[in-house]
Amino acid sequence: MAPTPPPDPAASAPSRRRRKEARPQELMAAALELFVERGFAATRLDDVAARAGVSKGTLYLYFDSKEALFEAVIREGMVPALKEAAVRVASYQGSAAALLEELLMAWWALIGAGPLGGIPKLMISEARNFPAVAEYYYANVIVPGRQLLALTLERGMAAGEFRPVNVETAIDVVIAPLLMLAIWRYSMGPCCPSDTNYDTERYLRTHLDLSLDGLRARSAGGA
């Protein structure tokens, strides 16, 4: 039997290159899982490296601190969705009510319903202890998200579709139930009997119905 020829290093190079290019994403995915499971303070870089299947030294080739890793998770996971939403808002031709519904449902589908949905709970519980992390999240997620909602509400009021409201307060009221639902999923939800958990679709539809009804402009007679 002829001996098996040694592997061709040139043939395996593309595979190694693909693996190297994928490592930042693998590290961010592992970090997100651990941040959500354990919190920011309790997550160690050693644990992230182990979860991603690499050495701690390899992790440091891409991220020099836990804060940098968290920022990358937000930058790659949440910021692109907000940028896409900004493009959508700028070009939208439909009603403000339909746009608001689209924004809220897209937020839930892309962020709230997935692993990133654990980030709001993490920020609420640990922001005060990690101000630099909180500032990054505020500047790159909260501020642009609120700006999109403000543009939508202002558009509706300018068109006479929505009644006059305090925009900043209305944003708080509109977004709070979605944050509550996301926080519940990563706090009380797993600890409660299944029949006490939310029917997500019904919850979201009810919230939208109540919000849009409250925003809708009334006729002169109040009907």
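Predicted model: local features only at pLDDT ≥ 70, side-chain atom pairs only at ≥ 80, totals over all residues.
**Entry 1. Overall make-up**

I began with the secondary structure and found ten helices and zero strands in the protein, so that, read along the sequence, the pattern is α-α-α-α-α-α-α-α-α-α. I then looked up burial, and of the 223 residues in the protein, buried ones make up 37%. For the contacts I took pairs of residues at least 6 apart in sequence, and 68% of the contacts in this set join residues at least 24 apart.

**Entry 2. Helix α6 against helix α8**

I turned next to the packing of α6 on helix α8, which spans residues 131-158. The angle between the two comes to about 160°, and their axes lie 9 Å apart. Because an angle over 145 degrees counts as roughly antiparallel, I noted α6 as roughly antiparallel to α8. The crossing in which α6 passes α8 is left-handed.

I also listed the residues that meet here: α6 contributes Ala96, Leu99, Leu100, Leu103 and Leu104, while α8 contributes Leu148, Leu149, Thr152, Arg155 and Gly156. Sorted by class, this contact of α6 with α8 holds seven nonpolar, two polar and one charged residues.

**Entry 3. Helix α4 against helix α8**

How do the axes of α4 and α8 lie, and at what angle do these helices pack? I found an angle of about 15° for helix α4 (residues 66-77) and α8, with 10 Å between their axes. Since angles under 35 degrees count as roughly parallel, α4 and α8 are roughly parallel to each other. I recorded the crossing of α4 and α8 as right-handed.

On the α4 side the residues are Glu67, Phe70, Glu71, Ile74 and Arg75, and these meet Val133, Tyr136, Tyr137 and Val141 of α8. By class, I have six nonpolar, no polar and three charged residues for the contact of α4 with α8.

**Entry 4. Salt bridges**

I went on to the salt bridges, of which the count comes to twelve, and I looked at several of them one by one.

Glu101 forms a salt bridge with Arg205, and their closest N and O atoms are 2.9 Å apart.

Arg75, which I had already listed in α4 among the residues meeting α8, forms a salt bridge with Glu76, the closest N and O atoms being 3.9 Å apart. The cut-off for a salt bridge is 4 Å, so I kept this pair, at 3.9 Å, as a salt bridge. Glu76 counts as partly exposed at 42% relative accessibility, and Arg75 is partly exposed with a relative accessible area of 37%.

For Arg216 and Asp213 I noted that the side chains meet in a salt bridge at 3.3 Å, N to O. Arg216 is partly exposed with a relative accessible area of 41%, and Asp213 is partly exposed with 39%.

My last item was a network of salt bridges, in which Glu33, Glu37 and Arg51 are linked.

Methods: Residues numbered from 1 in each chain as written. Heavy atoms only, no water. Buried < 20%, exposed > 50% of the residue type's maximum accessible area, 1.4 Å probe, protein only. Axes fitted to C-alpha atoms, helices over the stretch in contact; angles between N-to-C directions. Helix = DSSP H or I, 4+ residues; strand = E, 2+ residues; numbered from the N terminus. Parallel < 35°, antiparallel > 145°, perpendicular 65-115°, else oblique. Left-handed = near helix turned anticlockwise from the far one by under 90°. Contact = heavy atoms within 4.5 Å. Nonpolar A, V, L, I, M, F, W, Y, C, P; charged D, E, K, R; others polar.
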